[in-house]
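Welcome! Please take a moment to look over the sequence and the model before reading on.

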Amino acid sequence: QVQLVESGGGSVQAGGSLLLSCAASGYISDPYVMAWFRQAPGKEREGVAVFYIGSGSTFYADSVKGRFAISRDNAKNTLYLQMNNLKPEDTAMYYCAADNRGVVGVSRWSPLRYNYWGQGTQVTVSS
């Protein structure tokens, strides 16, 4: 069974950096798009960054533009999220997601787009 396994979360002070990783345990056939989402207590899961496998195109939520960078190492089948200049409002559980169905008509920012999810890694930013 395919699993996405996140790592790299932790506690940092505001202004600090973290690198999240997402490794696929097992084989996901032809992943089309991968993404990082986050969910803070009492809030909905929100998309943070999206990576299209074929084109390498990336998209970011306005709240993280200029601070976060999504990338993928194809050889290692691993997705990354470099997070810089972290703010307390970035505190959340961060999830890796993948879609290999090439879903059309569903926003890249909707969790419904993705059919594979990791278990999450906690990021806590203190002021």
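This is a predicted model: local features need pLDDT of at least 70, side-chain atom pairs count only at pLDDT 80 or more; totals for chains, interfaces and linings use all residues.

Residues are numbered from 1 along each chain as its sequence is written, and side-chain values use heavy atoms, with hydrogens and water left out.

**The sheet**

Let us start with an open sheet of four strands, in the order β1-β3-β8-β7, with antiparallel pairing. Because β1 (3-7) and β7 (68-73) stand at the edges with a single partner strand each, one side of each has no neighbour in the sheet. On average, neighbouring strands of this sheet are turned by 15 degrees against each other, direction ignored; such axes are lines fitted to C-alpha atoms, for helices over the stretch in contact, with angles from 0 to 180 degrees between N-to-C directions. Strands (E, at least two residues) are DSSP runs numbered from the N terminus, and two of them pair if DSSP finds at least two bridges between them. Six bridges join β7 to strand β8 (residues 78-83) in the antiparallel sense. Here S71 stands opposite Y80 in β8.

**The disulfide**

A disulfide is a covalent bond between the sulfur atoms of two cysteines. Counting pairs of cysteine sulfur atoms within 2.5 Å, there is one disulfide. C22 and C96 form it, with their sulfur atoms 2.0 Å apart. The pair links distant parts of the chain, as C22 in strand β3 (residues 18-25) and C96 in strand β9 (residues 92-99) are 74 residues apart. The torsion about the S-S bond of C22 and C96 is about -75 degrees, so this disulfide is left-handed.

**Buried or partly exposed**

Buried means under 20% relative accessible area, exposed over 50%, and partly exposed in between (1.4 Å probe, protein chains only).

| Residue | Relative accessible area | Class |
|---|---|---|
| C22 | 1% | buried |
| C96 | 0% | buried |
| R38 | 6% | buried |
| S126 | 34% | partly exposed |

**Two residues up close**

R38 belongs to strand β4 (residues 33-39). Its side chain makes a polar contact (N or O atoms within 3.5 Å; within protein, one able to donate a hydrogen and the other to accept it, and residues adjacent in sequence counting only if both atoms are side-chain atoms) with the side chain of E46, at 2.7 Å. Another polar contact, of 2.9 Å, joins the side chains of R38 and D90.

S126 lies in strand β11 (residues 121-126). Between S126 and A14 the C-alpha to C-alpha distance is 5.7 Å, although they are 112 residues apart in sequence.
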